[in-house]
Structure formats: C-alpha cells, structure tokens
Amino acid sequence: MELSASQVRSLILDEHTVLRDVLEEIDETLGEMTRRVPGAIGRLRGTLRTFQDAFLRHLNHEETVLRPLLVDVDAWGPARVEAMDEEHRAQRAAIAELSRLALDQDLDATVQRIEDFVRRLRADMDGEEHHALSPEVLRDDIIVIDTFMG
Ligand SMILES: [Fe+2]
Ligand SMILES: [Fe+2]
C-alpha cells in the first residue's frame with residue numbers, strides 16, 4: 001500500500017504522541033527517584049526499556065516510510081535526509097549510552113543525565129515537526145515541474 005505524504009505525516013506524528021507520553025512517564029519516575037520512593041529504580045528501568053524499544057522502532061519506521069518521501073520533496077530533500085540520518089545516528093548513540101547506565105549507582109547524577117536525554121529528545125521531536133514533518137514539506141499536492149534543457 002502506497003501512503004500519501006499527509007498519511008505518512010500523521011502516522012509519524014501519532015508515534016511522536018505515544019513517545020511523548022512515555023517521556024512523561026520517565027519524568028514521573030525520575031521525580032520518584034529524586035524523592036527516593038521505594039521501587040522507583042525498577043519502574044524507571046521498565047519505562048526506559050519501553051521507551052528505547054518504541055523509539056528504535058520509530059527511527060526505523062521514519063527511515064522506511066519518511067526517508068524516501070523526503071528525498072524528492074523539494075530541492076532541499078537530500079539535505080533534509082542527511083540531517084535526519086545524522087540526527088538518528090546521534091539518537092541511537094544516546095539510546096545505547098542510556099541502556100548502559102547503572103541506574104542504582106549515583107541516583108542524582110543518573111536523574112540528571114536522563115533528564116538531559118529527555119529534554120534533548122523532546123527538542124529533537126519539536127524540531128523535526130517544524131522541519132521535515134511540517135505540513136508545508138509533506139504535502140499531497142506536490143507538483144513536479146519538468147525542465148526542458150536545450
Ligand atoms: Fe527522526
Ligand atoms: Fe521522529
């Protein structure tokens with residue numbers, strides 16, 4: 001099934017909504033960590049794992065359905081794709097780093113690092129929605145103008 005640009009856009013935006021909900025949950029468990037609520041580390045570990053799985057699936061999904069659209073959306077297509085690839089590389093590295101964190105060592109430092117991670121990802125998603133995922137970029141009425149040379 002071929003998806004239109006606006007269908008791809010709403011699909012990806014729905015995933016962002018789900019991811020933001022999980023980031024909210026992470027925020028809540030970070031608050032519990034700070035207050036030393038019993039069981040907080042276990043809950044944080046669980047929500048982080050949920051997020052990592054969902055986010056990696058999201059990156060793959062963007063690369064499968066969004067990337068090919070973005071390439072020829074306009075003259076900046078290749079640059080947009082390059083920016084996305086670069087961002088995804090950094091995000092995968094951050095996810096991998098996060099998964100190696102020993103959550104129960106230095107609680108406050110851990111909370112801070114994960115807060116930074118959450119803040120950065122929220123900013124990335126906002127930025128993506130303003131650029132690659134903006135309705136001006138992912139339009140259904142793209143007209144391809146042939147230029148005849150010679
Ligand atoms: Fe992305
Ligand atoms: Fe995204």
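The protein chain has a radius of gyration of 19 Å, whereas a compact globule of 150 residues would have one near 15 Å. The model is predicted. Its C-alpha trace spans about 75 × 25 × 25 Å along the principal axes of the protein chain.

The secondary structure consists of four helices and zero strands. Read from the N terminus, the order of elements in the protein chain is α-α-α-α. Contacts were also examined by separation in sequence. Among those between residues at least 6 apart, 71% join residues at least 24 apart.

Two packed helices are described by the angle between their axes and the distance between the axes. Helix H1 covers residues 5-34 and helix H2 covers residues 40-71. Their axes come within 9 Å. The crossing angle is roughly 165 degrees. Angles over 145 degrees count as roughly antiparallel, so H1 is roughly antiparallel to H2. The crossing of H1 past H2 is left-handed. In the contact of H1 with H2, the residues divide into 20 nonpolar, five polar and five charged.

In summary, the predicted model is a chain of four helices without strands, with a C-alpha trace of about 75 × 25 × 25 Å. Within it, H1 and H2 pack with their axes within 9 Å, in a left-handed crossing.

Note on methods. Residues are numbered from 1 along each chain as its sequence is written. Chains are lettered from A and ligands numbered from 1 in the order in which they are written. This is a predicted model: local features need pLDDT of at least 70, side-chain atom pairs count only at pLDDT 80 or more; totals for chains, interfaces and linings use all residues. Helices (H or I, at least four residues) and strands (E, at least two) are DSSP runs, numbered from the N terminus. The radius of gyration is taken over C-alpha atoms; the globule rule is 2.2 Å times the number of residues to the power 0.38. Two residues are in contact if their C-beta atoms, placed from the backbone, lie within 7 Å. Axes are lines fitted to C-alpha atoms, for helices over the stretch in contact, and angles run from 0 to 180 degrees between N-to-C directions. Angles under 35 degrees count as roughly parallel, over 145 as roughly antiparallel, 65 to 115 as roughly perpendicular and the rest as oblique. A crossing is left-handed if the near helix is turned anticlockwise from the far one by less than a right angle, and right-handed if clockwise. Ala, Val, Leu, Ile, Met, Phe, Trp, Tyr, Cys and Pro count as nonpolar, Asp, Glu, Lys and Arg as charged, and the others, Gly among them, as polar.
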